[in-house]
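This report goes through selected computed features of a single model. The sequence and structure come first, and the notes follow.

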Amino acid sequence: MVRTALLACTLVGAAACSSTGPTPAKVVVIAVDGLDRPYMAQRIEAGALPTFARLWREGVAADLRVSDPLLSPRIWTTLASGYPSTTHGVHGWMKRPGVLYGTHDVAVDRIWDVAGRNGLRSLVLGWLVTAPVVDVPGVMLADGFDGGVPMTAEVPTDGAPHPLDTDRADTLASSRSAARTARGCIPSTSELSRHPLAHQVEAYGAPAHPLRHDLAVVCAWEALAEDAQPDVALLYLQGVDQIAHHFWPFVDPTAVAAMRTDPTLRPALAAKDRNRQRGQRPYPWVDTPTTEAILTAGATWVPDYYDALDAMLARVLTRIDPAHTTVFVMSDHGFQSSRNPTPGLYGEHRSPAVLFAWGAGVPAATTEPKPVEAVDVIPTLYTRLGLPLAHDMPGRVRGDLLALPAAVPKVDTYTRAEAAPAPPNEALFDPRRMQQLEALGYIDDKGAPIDAAAGNSPRRNAPAGPPPAP
């Protein structure tokens with residue numbers, strides 16, 4: 001009982017705990033890149049993923065509609081701002097070949113900007129397009145703060161200086177104190193070797209496996225939430241997306257049948273891609289003909305990572321008092337096996353995405369709400385937090401997701417009259433991130449986008465999975 005009260009005070013703040021008045025609303029947004037709802041539903045029906053099953057049982061689950069192109073920076077910027085890419089200005093990973101989008105390219109305010117101007121504190125951990133960090137009340141760790149290397153980088157080692165140990169720390173963390181805390185959260189090779197996914201980590205090398213990033217984000221949440229006292233927290237977890245890009249076909253019966261029919265298809269395509277992508281090393285089993293043993297081993301990677309994600313989500317929820325905090329867990333797209341250039345050999349994006357609402361103000365749903373548009377998320381969260389909406393926001397407030405207070409008067413816009421000053425090129429250039437995008441098939445070796453990885457083609461939609469039994 002004492003521990004529960006202390007955890008509640010961690011998020012709502014000591015003043016709120018000692019007050020006899022109503023507790024201010026709090027919001028936590030957990031971004032899970034690439035989380036696929038139909039596959040997740042299958043796993044829940046099979047008795048796995050107890051944390052996701054709890055969210056589904058106690059809260060609301062809905063399809064989240066996202067539009068082409070299904071590129072993560074574009075979608076997550078919409079989900080953090082309430083504006084489409086035609087307004088916020090982030091259209092993908094690269095604004096031009098070889099140059100990543102940065103915070104100065106975002107032409108609108110995002111939730112932490114609006115919250116800060118209205119006296120609220122934020123904790124932002126790894127959200128895309130947040131480098132260099134901006135000055136907001138609270139704490140921000142930019143995407144890339146973990147300093148991981150690409151999953152298929154040549155011979156990844158721990159020998160290179162970590163970005164938080166270099167001059168880049170000021171672009172990745174909002175303070176030196178936050179940088180030190182974040183640095184202490186990067187799991188070591190020894191720590192990863194004791195994790196249930198140690199076999200995956202060993203196959204790729206510790207700095208390359210995305211578990212390293214996701215564990216760092218969860219650790220940073222645990223280490224920083226109490227001191228940061230956030231009214232708004234946003235956490236970005238990327239591992240499901242990276243694992244699915246390489247291993248989704250092993251959980252797709254049609255793709256498995258194709259690999260059985262022609263065991264040489266997968267290594268042939270991988271060799272072609274490595275020639276195109278500047279020396280990418282092979283990932284497990286891709287350089288040999290596909291055997292039954294490989295199919296059996298490969299089929300564990302996606303479900304094992306979903307299980308690890310479920311455990312990490314449980315850690316995050318442990319420090320949240322659902323009586324006073326509203327939690328949104330969202331993806332930006334789902335996954336399917338690729339259809340181009342060789343069907344079934346890679347994973348690619350599909351819509352819809354998924355949204356869970358749980359905690360304060362969210363009743364257990366007896367019927368599923370209508371699909372949520374990506375631009376509806378921020379108007380709903382702003383209303384929950386008592387923040388003003390803007391007249392030019394295209395989304396609507398979704399009162400069918402949670403109980404909401406009366407709206408406050410609107411402002412004209414959250415678009416910016418003047419662009420933020422651009423940082424020096426070296427502040428944004430990240431060779432590791434560039435190589436990672438090549439390894440995942442988002443860009444070619446010149447930094448130009450490759451649309452196939454985003455699944456931008458017809459017939460990509462998948463039916464929603466059935467809700468699990470209570």
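## Aromatic pairs

F52 has a relative accessibility of 0% and therefore counts as buried, where buried means under 20% relative accessible area, exposed over 50% and partly exposed in between (1.4 Å probe, protein chains only). F356, at 1% relative accessibility, counts as buried too. The model is predicted: local features need pLDDT of at least 70, side-chain atom pairs count only at pLDDT 80 or more, and totals for chains, interfaces and linings use all residues. Residues are numbered from 1 along each chain as its sequence is written, and side-chain values use heavy atoms, with hydrogens and water left out.

Rings of Phe, Tyr and Trp (its six-membered ring) pair if their centres lie within 6.5 Å; planes under 30 degrees apart count as stacked, over 60 as edge-to-face and the rest as tilted. By this rule there are 14 aromatic pairs. One of them is the tilted pair of F52 and F356, with 5.9 Å centre to centre and 45° between the planes. This pair links distant parts of the chain, since F52 belongs to helix 4 (residues 50–58) and F356 to strand 11, 304 residues apart. Helices (H or I, at least four residues) and strands (E, at least two) are DSSP runs, numbered from the N terminus. Elsewhere, ring pairs join Y204, F247, F250, W285 and W301 into a cluster.

Two strands pair if DSSP finds at least two bridges between them.

Strand 5 (residues 122–125) pairs in the parallel sense with strand 7 (residues 232–237) over 4 bridges. In this pairing V124 stands opposite L234, and L125 has L235 as its bridge partner. Strand 5 also runs parallel to strand 6, again with 4 bridges, and here L123 is partnered by V139. In a regular strand the side chains alternate between the two faces of the sheet. In strand 5, S122 and V124 point one way and L123 and L125 the other way, and all are buried.

## Helix packing

Helix 13 (residues 239–247) and helix 17 pack at an angle of about 175°, with their axes 9 Å apart. Axes are lines fitted to C-alpha atoms, for helices over the stretch in contact, and angles run from 0 to 180 degrees between N-to-C directions. The two helices, helix 13 and helix 17, are therefore roughly antiparallel to each other (angles under 35 degrees count as roughly parallel, over 145 as roughly antiparallel, 65 to 115 as roughly perpendicular and the rest as oblique). Helix 13 contributes G239, V240, I243, A244 and F247 to the contact, and helix 17 contributes W301, V302, Y305, Y306 and L309; contact means heavy atoms within 4.5 Å. These residues divide into 9 nonpolar, 1 polar and no charged. Ala, Val, Leu, Ile, Met, Phe, Trp, Tyr, Cys and Pro count as nonpolar, Asp, Glu, Lys and Arg as charged, and the others, Gly among them, as polar.

Helix 18 (residues 377–385) is mostly covered, with 9 of its 9 residues buried. Just after helix 18, G386 takes a positive phi of about 75°.

## Loops and backbone geometry

The loop between strand 5 and strand 6 holds P132, and the peptide bond from A131 to P132 is cis, with omega near -5°. V129 is found in the loop between strand 5 and strand 6 as well. V129 has a positive phi of about 60° although it is not a glycine, and at 5% relative accessibility V129 counts as buried. A cis peptide bond also leads from S351 to P352, with omega near 5°; P352 sits in the loop between strand 10 (347–350) and strand 11.

W285, in the loop between helix 15 (265–276) and helix 16 (292–298), has a positive phi of about 70° although it is not a glycine. Its relative accessible area is 28%, so W285 is partly exposed.

V108 lies in the loop between strand 4 (99–100) and helix 7 (111–117) and, at 0% relative accessibility, counts as buried. V108 and T413 are 305 residues apart in sequence and 8.7 Å apart in space, C-alpha to C-alpha. Leaving aside neighbours within four places in sequence, the contacts of V108 include S81, Y83, H88, Y414 and R416.
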